[in-house]
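Let's take a friendly tour of one protein model. Keep the picture open as you read.

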Amino acid sequence: MSSIRRIKEKKHDIISRHAQADDVKAFTQVLTTLTLFALLWWAALMSVHISYWLTATAVLLISLFTLRAFALMHECGHGSLFRTQWLNRAFGFILGVVSGMPQYVWSQHHNFHHANNGNWEKYRGLYTTLSVDEYAAMTPAQQLMYRRKCSIATAPVAGLIYVIFNPRFNWLRGSIGFVSHIVRGKVERPDLSIKAHAASFERRYWKSYREYWHMFWNNVVLLSAWGLMCWVVGPVLFFTIYLISASLAGGVGIILFTVQHNFEHSYASDGKHWDYDAGAIEGSSFLILPRWLNWFTANIAYHHVHHLSARIPNYRLISCHNEYRELFSDVTRVKLSQIHKALKYILWDKRTQRIISVAEYESRNCAA
């Protein structure tokens, strides 16, 4: 019997045994993270007058706690960190401000990823992984840019754009477009109500007005915090610490997320042949990380379990994996030292329904 079939038979038992949230554990995780995050910011600001090496150390730790805040925010988006949804929403919003991401809006896109993981006709990851044919149609310069985009060296820049720039820019650009649309509409059709003009607006950056208001309040609170910190400690010191730590946290997050689905011959189906459980087990890796990094990433390295059911909280992923270890024997293991290699698998081969590397693609062309 295949491992996928055995997992399908055991899936109900796996979820029922491990998909129980614990508010005490959740509160402990959130409060320790936020407390230590605040203390590290204080240490970074105070250490500037003592030693830049101490400041650099504090900044590195801030980036790790920012990463952990994002990971816990991600749990809130799945409704799995706390038992009740209002706690998940409340702390998800706070953690979203800390990590720079509007939690509710992000979680809607992320849930789409979970619903279609491994179906590369619908979702191709943060880097929008190209198919072999799309890559072949590029010019050599475009191919080079694509390869460089999907690399460790550019990850901090991508992280800063993803976490800090895009949520602010998209909200601002969308808001300006929304107001302009209503004003133009009122000039052209003054007989229609503002509500009627608003309803005809083409929403590019949000799918519902609930998403918009989550974006709005995330940005209002975050930008207010930026202003307060600039007033207290000065804009140069604040933004130096903030942008460096945010870019490092975002870069590490993007790298880890990418190699959890892009690795040697990862499952990458089209819509016709896609299977949810196959996508979870064959299209998600098990990252072998040191214990301290598992803590900072809220055990998201056990990604196969997380994709089997996002209802399983991060503090139960390890016990779930260990209890059903034999079922997960076919899950691809990726060690920390192998992440650089895994990042080279950036092409979707529609013919074999797998992710391949550029080197493999080029060797096939040479053989042909």
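## A histidine in a loop

Where does H265 lie? In this predicted model, H265 sits in the loop between α11 (235-259) and α12 (276-282). With a relative accessibility of 37%, H265 counts as partly exposed.

Now look for its neighbours. Leaving aside residues up to four places away in sequence, H265 touches Y345, R354, I355, I356 and E360.

Next, find helix α4 (residues 85-99) and helix α10 (residues 209-233), which pack at an angle of about 50 degrees with their axes 9 Å apart. That angle makes α4 oblique to α10. The crossing of α4 past α10 is right-handed.

On the α4 side, the contact is made by R89, F93, G96 and V97, and on the α10 side by R210, W217, N218, V221 and L222. Sorted by class, this contact of α4 with α10 has five nonpolar, two polar and two charged residues.

## Aromatic rings

The structure holds 25 aromatic pairs. One of them joins Y135 and Y146: the ring centres are 6.1 Å apart and the planes are at 55 degrees, so the pair is tilted. Y135 belongs to helix α6 (residues 132-136) and Y146 to helix α7 (residues 140-149), so the pair ties together parts that are eleven residues apart in sequence. Both Y135 and Y146 are buried.

Y135 also pairs with Y361, edge-to-face, at 5.5 Å centre to centre and 85 degrees between the planes. Because Y361 lies in helix α17 (residues 358-367) and Y135 in helix α6, this pair ties together parts that are 226 residues apart in sequence.

Note on methods. Residues numbered from 1 in each chain as written. Predicted model: local features only at pLDDT ≥ 70, side-chain atom pairs only at ≥ 80, totals over all residues. Heavy atoms only, no water. Axes fitted to C-alpha atoms, helices over the stretch in contact; angles between N-to-C directions. Helix = DSSP H or I, 4+ residues; strand = E, 2+ residues; numbered from the N terminus. Parallel < 35°, antiparallel > 145°, perpendicular 65-115°, else oblique. Left-handed = near helix turned anticlockwise from the far one by under 90°. Contact = heavy atoms within 4.5 Å. Nonpolar A, V, L, I, M, F, W, Y, C, P; charged D, E, K, R; others polar. Buried < 20%, exposed > 50% of the residue type's maximum accessible area, 1.4 Å probe, protein only. Phe/Tyr/Trp six-rings, centres within 6.5 Å; stacked < 30°, edge-to-face > 60°.
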